[in-house]
Amino acid sequence: MSVISFTSLASLGLSELRGKHLHYSKFWNSGSKTSAAKKIKLSSRTGMLIAYTPAFLAGVASFVLYPQENIRILLLCSALTIHFFKRIFEVLFVHSYSGGMILDSVLPISLSYFLSTATVTYAQYLTQGFPEPSVDLKYLGCLLFLIGISGNFYHHYLLSKIRSKGDKDYKIPKGGLFGLVICPHYLFEIVGFVGISLISQTLYAFSFTIGSALYLIGRSCATRRWYLSKFDHFPKNVKALIPFVL
């Protein structure tokens, strides 16, 4: 599962760099119009709820399925459940929508999140009774998770405020780290996933985090390319994901 998770996510990141996008956000209707017309379209709100709800339920179920005898598994299950609860909360009360989602993209995203949440908690359960890692990183992981989830939420909030009610046009986001990178919400999402992997300290958690980071790097580079093509005066010094670097 570690190999499958890493390989599939990394290949999705490479596809994003090559211009073959998952159909949501700015790229929800990318590709040929003929093929897009044949696909099942969902509202962004519905699509995102389908994407995040199964993973949230998997996080909730982990408290019932696995005895919380170890602080590490308790912290891990809590972090995953909080992460996907936040995403559902944002879908319902924060995000401002202008497009849609294609069912063909929603289903693999939903399945990926669900399987990853179920697998990382099960992998943690399998470590019960084994010696703890010689270097304990779970509390550093908690700190990084809180930084990541807070920064991600803040920049999602800023994105929701760039358009007035009824306005469907995209605008260059401002505030926070948007003056340095075009996708700070992805940067903080990676930080949050790093935090989760440090809480877990299992091979699968690290594989999923590295794969997710590679996907988000590809997606953020594609997003920056999109902004450069759409806005003539887009500042060239604004990077895709990492300030001053990438």
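**Aromatic rings and their surroundings**

Mentor: One aromatic cluster is made up of Trp226, Tyr227, Phe231 and Phe234. This is a predicted model, in which local features need pLDDT of at least 70 and side-chain atom pairs count only at pLDDT 80 or more, while totals for chains, interfaces and linings use all residues. Residues are numbered from 1 along each chain as its sequence is written, and side-chain values use heavy atoms, with hydrogens and water left out.

A pair of aromatic rings is described by the distance of the centres and the angle of the planes. Rings of Phe, Tyr and Trp (for Trp, the six-membered ring) pair if their centres lie within 6.5 Å; the planes count as stacked when under 30 degrees apart, as edge-to-face when over 60, and as tilted otherwise. The structure holds 12 aromatic pairs. In one of them, phenylalanine 56 and phenylalanine 85, the ring centres are 6.1 Å apart and the planes stand at 45 degrees, so the pair is tilted. This pair joins distant parts of the chain, since phenylalanine 56 belongs to helix α3 (residues 44–65) and phenylalanine 85 to helix α4 (residues 71–93), 29 residues apart. Helices here are DSSP runs (H or I, at least four residues), numbered from the N terminus.

The two partners can also be described by their exposure. Buried means under 20% relative accessible area, exposed means over 50%, and partly exposed lies in between (1.4 Å probe, protein chains only). Phenylalanine 56 has a relative accessible area of 18% and is therefore buried. Phenylalanine 85 has 47%, so this residue is partly exposed.

At 67% relative accessibility, phenylalanine 244 counts as exposed. Its phi is near 70 degrees, a positive value in a residue other than glycine. Most residues other than glycine have a negative phi. Glutamine 201 also has a positive phi, about 55 degrees, and is not a glycine. Glutamine 201 sits in the loop between α7 (184–200) and α8 (203–230), and with a relative accessible area of 18% it is buried.

Helix α8 itself contains isoleucine 217, which counts as partly exposed at 25% relative accessibility. Leaving aside residues up to four places away in sequence, isoleucine 217 touches Leu241 and Leu246; contact means heavy atoms within 4.5 Å. Isoleucine 149 is 68 residues from isoleucine 217 along the chain, and their C-alpha atoms are separated by 18 Å.

How values were computed: Helices (H or I, at least four residues) and strands (E, at least two) are DSSP runs, numbered from the N terminus.
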